[in-house]
Amino acid sequence: MSKNPTPLERVREFEREQALKLSADERPLFHLTPLVGWMNDPNGFCYYKGQYHLFYQYHPFSRQWGPMHWGHAVSGDLLHWTYMPCALAPDTAADAGGCFSGSAVETPDGRLMLVYTGVQPAGTFRRETQAQCIAIGDGKDFEKSLLNPVIRHCHLPEGYSEFDFRDPKVWREANGMYRMAVGNRHEERSGTVLLMESKDGLEWNYITEIDACRKEYGRMWECPDFFPLDGTQVLLVSPQEMHAREEFHAGFGTVCILGDWNEKDCRFERKHIQPVDHGLNFYAPQTVLAPDGRRIMIGWMDNWETCKEAPRRHPWYAQMSAPRELRVEKGRLMQRPVREIETLWQDTVLHDSVTVKEETTLPGVQGRLMDMTVNLLPSTGSACRRFTLHVAKDASHYVEIRCDLARGELVFDRSHGGSHRDIAHTRHVKAEVRDGKLTLRLLLDKESVELFINDGERVVTSLIPTPLAAEEITFAADAPLLLSAEAHHLKA
Ligand code: FRU
């Protein structure tokens, strides 16, 4: 290291030291964790020069949120990640208060441009302010623009905030122009997403307000994403502090708005709104367009409420969700684990047409590394109302997934999953039997469960603090119930 190392060089040195001490065994199998320290939002999710790049909000020096850096990892299949050196540290006047969330886009000359929120620390009379910055590089080292911040509050019409102005998501249009969806908080309309445009990434013009929360869906709208999918335009946002309403739970939510984008008038018409994820731990997702045309999403498997009380038992804290393929079907956003997961399948166990009643295990179906699909097949007129699945079970723990087949409701309940905290442990979500079938697909990766209901119509993502030795899986119903189960163990 040089005699007068820069803040970034110091972080990179610290990472090199830590990397030698940390064992991969402690980490989840395929969910990304920070190299060391703390992680929140996925950032700069892109496909660049033959690899996926995923950056993340990062505080290397502790397992708590702190001055924000950008951590970095690359992968060929979205499941096996290789750490890269820290990409950004808060080391200039434009971002001394932190390098907050943002995105990445390839420039016409083949370099990678990171677009992020620079936080300028509070002065004696002012609160800290937020503005948008860029850094350009080769996929490993990035140089911050001397013109940062390239977008400031003064570029926006009246009424928008300089204190809540963050999380730019940038892409390039077919005509070569850069576009950006960025979160802001308007004096009257509260959380909003703004659309900006630029020829060169340096000079930006405000185009329009894409949508606003109108005080109905939370407060500030964080981490927007905006893209076409299956003939519809999709807007993703993560509102802070939502009231419970419709299918949305209270707190830090994830919202998907489907609508029509009219390019001529630059207007977005809202058609349908739904939660992205119904679980206890999911926030701030970001998507990438894969080279084969798939739209793939990863979220932070946590949120600002749940992370406060969570155990910090590893040298790092937090993990990303599984990568998911998105699609729109019949006016709904649907999700499925990326198909690459099949490359991890081993020791597949099939149980076809099993009738269950009293709590039972199925031979070969146990463990904490698994991709399992259970089809419940209640016959017409069946007396069965309730099906109960326990995972991560031993004599004193279990995580329960309870289906009320008559009401079409599922309860995810980790109350007995090992937590000692007085926080929410349950979620209720719609899960309807359709054409005689209800499908539950579960991804288990040590300390997490991701549940995809009816081919990803609804998803429930949650961390479980249950000791890893609890690996039994049981099936029970209140009256005989026909089901099939296909369990793929995952290759460690
Ligand atoms: C979302 C968020 C972003 C911000 C970042 C800071 O989780 O609050 O709005 O850029 O985290 O770490």
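**Salt bridges in close-up**

**View 1. E325, at 6% relative accessibility, counts as buried.** This is a predicted model, and here E325 forms a salt bridge with R339, the closest N and O atoms being 2.8 Å apart. R339 sits in the loop between β21 (332-337) and β22 (345-356), while E325 belongs to strand β20 (residues 324-329), so the pair ties together parts that are 14 residues apart in sequence.

**View 2. R458 and E247 join their side chains in a salt bridge, 2.7 Å from N to O.** Since R458 is in strand β30 (residues 458-463) and E247 is in the loop between β14 (232-239) and β15 (255-262), the contact ties together parts that are 211 residues apart in sequence. R458 is buried, at 8% relative accessibility, whereas E247 is partly exposed, its relative accessible area being 27%.

**View 3. A network of salt bridges links E247, E432, R434, E457 and R458.** Two of its members, R458 and E247, are the pair that meets at 2.7 Å, N to O.

View 4. R327 counts as buried because its relative accessibility is 11%, under the 20% cut-off. E329 is partly exposed, at 37% relative accessibility.

Definitions and conventions:
Residues are numbered from 1 along each chain as its sequence is written. This is a predicted model: local features need pLDDT of at least 70, side-chain atom pairs count only at pLDDT 80 or more; totals for chains, interfaces and linings use all residues. Side-chain values use heavy atoms; hydrogens and water are left out. A salt bridge is a side-chain nitrogen of Lys or Arg within 4 Å of a carboxyl oxygen of Asp or Glu. Helices (H or I, at least four residues) and strands (E, at least two) are DSSP runs, numbered from the N terminus. Buried means under 20% relative accessible area, exposed over 50%, partly exposed in between (1.4 Å probe, protein chains only).
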